[in-house]
Amino acid sequence: MTKADMVLSSNNTLFAVRIFLLLLFFFFNKLYYLFASCTSERAKNTAISLLPIIGWMKTYSFKEWLLNDILSGVSTGLVAVLQGLAFSLLASIPTWYGLYAAFFPVIMYFFLGTSRHISVGSFPVLSLMVGAVVTRLVPDEGLPANITAFEGLTKEEQRVLVSASLTFLVGLFQLGMGLLQVGFIVMYLSDTLISGFTTAAAVHILISQLKFVLGLTVPGFSGPLSIIYTLESVFTQITSTNIHDLVTSIVVMVMVLGVKEINDRFKSKLKVPIPIEIIMTVIACGVSYAFNFSENHGVDVVGKIPNTFESPIAPSLQVFQMAAVDAFPIAIVGFAVAFAVAKVYSVKHDYVIDGNQELIAFGASNIFGGAFKSLAASTALSRSAVQESTGGKTQVAGLLSAIIVLVVILGIGFLLEPLPKSVLGAVVIVNLKGMLMQVVTVPYLWKKDRPDCIVWVGTCLAAIFLGLDIGLAVGLGLELLTVVFRAQFPHCSVLANISGTDIYRDRKDYVNIYEPEGVKIFRIPSPIFFANIDFFRDKLKDAVGFNPLRILRKRNKAVKKMKKLLKKGELTLTSVRLEGNRSSEDESNMEDLDKPTDYSDLPIQVNWNAELPANIQVPPVNIHSLVLDFSVVSFLDISALKGLKAIKEFIRINVDVYIVGCDPYIIEKLRNCKFFDDEIKTSIFFLTIHDAMLFINESHPPKTVSEKVMKTFGDCTSLICSFKD
C-alpha cells in the first residue's frame, strides 16, 4: 500500500468513527432522557414508539385478519419478485440483487415501521438514482473510479459494492434524521414538486429501458444532459434492433395494459386483481426456454440466479465520500414517497403514523439491506396498492411477502433464468403509466395556480435535462421562491366602510370575555399552504376537542349495529328523538364509514348526546357551529384547497361551519377550483365574526336556565329504544 493510500484509509476510518460516534451520542442521549425521568408509563410509551410492533401485535385479531394477511402477502410477494428483478436493471446491477431489496429491508421494517399497509422494497425512482451513481463510479466504458476496495473485483462486483455502500449511506442519513427528529422536512416537498419530480424520473426510466426493449447495447450515462446522450446512442443503433426483443416487449405491454384497465374498471367486482404481470412472466419464461431465445436469437436473459444469499460486506468509505452528495437526495426522496403513501392509508384506515419513527425504520432497513448488497428501499405505489386492496391488515402481510421472496431466492429462482430482460423492461414501462399521466395536471395548474405550475414545470424540466439530484434542488429553490413571493406580495385590499354599518373589511382584535355556548371560534393567523395545512387541521381538532372523521365513523358503526339489532328484534322503540346527521345520496364512491350517516332503514332519528342502547358508545359533540376566521389568510395553494375539504367531516356530524373575513380573491379561487358542492355551499361566508354570530343565534337560540335544567334531566331518560332481554 502506498503512502497516499494509507493517508486515504486513515481519513476514511476517521470519517466512519465520526459518523458512529454521532449516532451513539443521539442514541444514548435518548436513553438518558428516558431513564432520567423514567416512569412505567413513560417506559411503556417509549418502547412502543421505538418498536411499534409491540403496539399493534397486542390487538392483532388472528381470527379476522390472518387469512387476509396471508392472501395479501402471497399476492404482494409475487409482485415484489417481478418488480425486484425489473427495478434492478435501473440500478445497472445484476437482477437478483433486486430480490434482496424485497427481503432484508422488509424484515427490519416489520419491527420498526408504523405503517401497516405499505409494501417496502425497491422503487423505480430510487433505483434510477442509485444507477446514476453506479454508472458514474463504474462506467460501461473506461476505467472505474480510484477506489481501493475495487482491487481484484470484476466490473459487476464493483457496481454491486457501489450500490450496497450507497444504500448503507442512505440508511445512515435517514437514521440520523430520525434520531434528530427532523421528519417534518418532508413538509417542504409539496404535492406539486413531488409530481413534477416523479414525472421527470418516469421519463428517465422510460428512456433507460429502451435498450432492453430494443435489444441494444447502450452505455450508461450520468450527469447533466445524460438523457440526450442516451437517446443519441439509441437512435444511432436503431437499425440493430433485435426483433424478438421488440415483439416480445410489445406483446407484454399490450396485454398488461389491457388487463390493468380491466382491473381498474371492475375492481369493485374483483376480489383480487388479475395478476397479469405474473402470468405474462411465466409465459415469457416458458416460451424463451422452449425456443432457446438466448442462444438462437441473441436475446439477453436474466441468467443464473444464485440459490443462496451472499455474505454480508462492509461498505466502502471511499464510496461514502464520493457519493455523499447523491445519497442525501436519495434518502429524502425515498422517505418522502413512502411517507406520502403511508399517510394516505393511515387516514383511510384510521390509525396514526410517526414521521420520525418512519425515518428510523427506513434508515435501519437500508443499513441492514446495504450490508447484504440490497438496493435502496422505499415503497412502490403499485405494490402497496396490491397489499392493501387484497385485504392486508398489518405488516404481517409484508413479512409473508418476504417469505415468498425467500422461497424464490433459495428454491425456485432457477425457473426465472430464461426470462428475457426485454420482458422486465416492458413491465417497468407499463408501471410508469401513473407517473407519466401526471403531466395532464399542468393545464389545470396553469389555470388555477400559476406559481404551482411554474414549480411543477421547472422541477420536471430541470430533473429531465440536468439530472434528478440537481432537478430536486431546483424544485426546492422554486418552491421556496413561490412561498416568499406569495407571502411578501399578498392580495391587499383598501379598507372601506360598509354603508349604514360599523363593519370594515379588515381583521379586528376580539377580547373573548366568554365563549358562546355551542360555538367554537377558530382564528387562522397566516396564509394556508402545503407546509402548514396539516398543522392547521391538527390544531383545529385540538381546539374543538374531537376528531370529526372518527366521530362520523363511530356513528355509522352505531347505526349499523342498531339496524342489525332491530332486524333481529332485540331492540324495541320507546320514543323518537328528531335529531341526527344530514345525509346525502351522492356519496356512493366513498368508504362506507366515511359516508354521511344513512338512516334510510332506521325508523327513528338518533339523539347522539343521549344515552344509547346495547352499550353503544359514541363520544358526544358539544358544539353545533364552527367559525373559521380567515381575516389574515392572504392566499391558498392547491394542497390547502384539498385540506380544507375536511370541513365536510364537521358538516356530516351536524356541525355548521362558517368562514368569516375571507378575501374576495380567495372566494373566487375556491369557486374556480370547484370547492363548493351540495355539502359546502357559498352561504357559509360572512363579513365579520359578529355577523356570523347573529346568524348562529337565530338558527340556534341560546337556551334559558330553565331549558338547560329540563335538558339535563330530559337527557337522562330519553332513550331512543330499549334493549330486549
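The model is predicted: local features need pLDDT of at least 70, side-chain atom pairs count only at pLDDT 80 or more, and totals for chains, interfaces and linings use all residues. Residues are numbered from 1 along each chain as its sequence is written, and side-chain values use heavy atoms, with hydrogens and water left out.

**Nonpolar patch**
- Phe221, Leu225, Ile228, Tyr229, Leu461, Phe465, Leu466 and Ile470 form a nonpolar patch on the surface.
- Together they have about 640 Å² of accessible area (Shrake-Rupley method, 1.4 Å probe, only the protein chains shown counting as cover).
- Patch residues have over 30% relative accessible area and no salt bridge, and nonpolar side chains (Val, Leu, Ile, Met, Phe, Trp, Tyr) are joined within 5 Å.
- A salt bridge puts a side-chain nitrogen of Lys or Arg within 4 Å of a carboxyl oxygen of Asp or Glu.
- H22 (450–466) and H11 (226–236) each supply at least two patch residues; helices are DSSP runs (H or I, at least four residues), numbered from the N terminus.
- The largest share, three residues, comes from H22.
- Ile228 lies in H11.

**Asp469**
- Asp469 sits in helix H23 (residues 468–488).
- Asp469 touches Asp326 and Pro329, leaving aside residues up to four places away in sequence (contact: heavy atoms within 4.5 Å).
- Met129 is 340 residues from Asp469 in sequence, yet their C-alpha atoms are 7.9 Å apart.

- The contact between H4 and H17 includes Ser72 and Phe87 of H4, and Arg383 and Val386 of H17.

Key: Patches are made of residues with over 30% relative accessible area and no salt bridge: like charges are joined within 9 Å, nonpolar side chains (Val, Leu, Ile, Met, Phe, Trp, Tyr) within 5 Å.
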